[in-house]
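Hi everyone, thanks for coming. Let me put today's structure up on the screen, and then I'll walk you through a few parts of it.

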Amino acid sequence: MEERRKRIFSGIQPSGELTLGSYMGAIRNWVALQEEYDCLYCIVDEHAITVRQDPAQLRRRCVAQLAQYIACGLDPEKNIMFIQSHVPQHAELAWILGCYTQFGELSRMTQFKAKSQQHADNITAGLFTYPVLMAADILLYQADLVPVGEDQRQHVELTRDIAQRFNGVYSDTFVLPEAFIPKLGARIMSLDDPTAKMSKSVPEGCINLMDPPEVIMRKFKRAVTDCETAVKYDRENKPGISNLLTIYCAATGKTLAEAEAAFAGQGYGVFKPAVGEAVVELFRPIREESERIMGDKAYLESVYKTGAQRAQQLAVRTLGKVQRKIGFVAR
Ligand code: TYM
């Protein structure tokens, strides 16, 4: 029997612009992995509505995000690229898996705790059950690997637990997925508070993929650091500089030792703009290519429509198997 290539699933919420964090933590690896794996890369619009979205913005961002995926180097011929809500099996499987997930497990999710503090006036059932939808995304495609940043590790672990539980009750149904987390860039911190994760919900400390060069430079020059002068990696005592060093190395391919040596004796006044320039140069071709692709709406539409068709062919198989096993009458 021919062995199937390992499969990958990952997604990003179109709840804001793509950020330096999502690029370093996720997309960069997606691009690297596309050669060796069968990959599905999704725009998870159903996740985005767990907090209130402006409808026109959401629609625009979904398509822009696809253009940006392609501009980052993801090839729609090699990968299945699609919009989550175009494949209804995600929501159907999420309902079923929700019946195999404990209230206590969901209550322990750190992202739920953080987000319910941020949106204290709108803690919806969707925000609470969101990790179940994420489990459905992954398990629907029998994904082996899930390339994500550090903040999603807990959700991938929960996905494994749910899959294992289901397999235990009904015999092997789901592949148990593993998180694929990069060594460098798995947790990029905010530029205005290096103790908090860089996040699209805090725009000032956040670099967006589509930010113009002058905005990127300004944000880096203003980045919060300690009041020493040495460019040295020390996560405990120098979180700001350590974060900038991580970004610099991830953007240039240099090692930490090389970067420290390059800026020895030069101080932050030289280092901060150098990090800014490295990121400007990293993002410049992506921004330009993405603007070009955005001009071709027909092409983008054909990519997401074909993507949804291909994804759905895989999704119906898993959902059918699940429905049979739990005792639903065949249609
Ligand atoms: P989201 O949209 O918050 O983030 C998208 C991806 O970017 C990573 N990331 C970061 N990595 C490093 N440093 C940062 N500051 C940073 N900020 C974000 C995230 O870890 C993630 O990989 N629930 C997911 C989306 C999702 C998903 C899935 C992912 C839905 N279904 C199935 C994988 C598989 C989320 O909200 O990511």
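Before anything else, one term: a residue is called buried if its relative accessible area is under 20%, exposed if over 50%, and partly exposed in between, using a 1.4 Å probe and protein chains only. By that rule, 53% of the 331 residues of the protein chain count as buried.

Now, a word on what you're looking at. This is a predicted model, where local features need pLDDT of at least 70, side-chain atom pairs count only at pLDDT 80 or more, and totals for chains, interfaces and linings use all residues. Residues are numbered from 1 along each chain as its sequence is written, and side-chain values use heavy atoms, with hydrogens and water left out.

Okay, the overall picture. The protein chain has 13 helices and 5 strands; those are DSSP runs numbered from the N terminus, H or I with at least four residues for helices, E with at least two for strands. Its C-alpha trace spans about 70 × 45 × 45 Å along the principal axes. The radius of gyration is 21 Å, which agrees with the value near 20 Å that a compact globule of 331 residues would have. That radius is taken over C-alpha atoms, and the globule rule is 2.2 Å times the number of residues to the power 0.38.

What about contacts, meaning heavy atoms within 4.5 Å? Among those in the protein chain with a separation of 6 or more, 77% join residues 24 or more positions apart.

On to the ligand. Which residues come nearest to the ligand? Of the 27 around it, they are Gln13, Tyr130, Asp137, Asp151 and Ile188, where a residue is near if one of its heavy atoms lies within 4 Å.

Next, polar contacts, which are pairs of N or O atoms within 3.5 Å; within protein, one must be able to donate a hydrogen and the other to accept it, and residues adjacent in sequence count only if both atoms are side-chain atoms. The side chain of Gln13 has an N or O atom 2.8 Å from an oxygen atom of the ligand. Gly149 uses a backbone N or O atom, again 2.8 Å from a ligand oxygen. For Gln152, a side-chain N or O atom sits 3.2 Å from a nitrogen atom of the ligand. On its own the ligand has 710 Å² of accessible area, and the protein covers 97% of that. Strand 1 (7-12), helix 1 (20-33) and helix 7 (125-140) each give two or more residues to the shell.

Let's follow helix 7 into the loop between it and strand 4 (145-147), where we find Gln142. Is Gln142 buried or exposed? It's buried, because its relative accessible area is 11%. Its phi is positive, about 55°, although Gln142 is not a glycine. Most residues other than glycine have a negative phi. Ser171 has a positive phi too, near 75°, and belongs to the loop between helix 8 (153-170) and strand 5 (178-180). Ser171 counts as partly exposed because its relative accessible area is 41%.

One last stop: Lys321, in helix 13 (residues 297-326). Leaving aside neighbours within four places in sequence, Lys321 is in contact with Gln142, Asp172 and Thr173. Its relative accessibility is 29%, so Lys321 is partly exposed.

Notes. Areas by Shrake-Rupley, 256 points an atom, 1.4 Å probe, with all protein chains shown as cover. Contact = heavy atoms within 4.5 Å.
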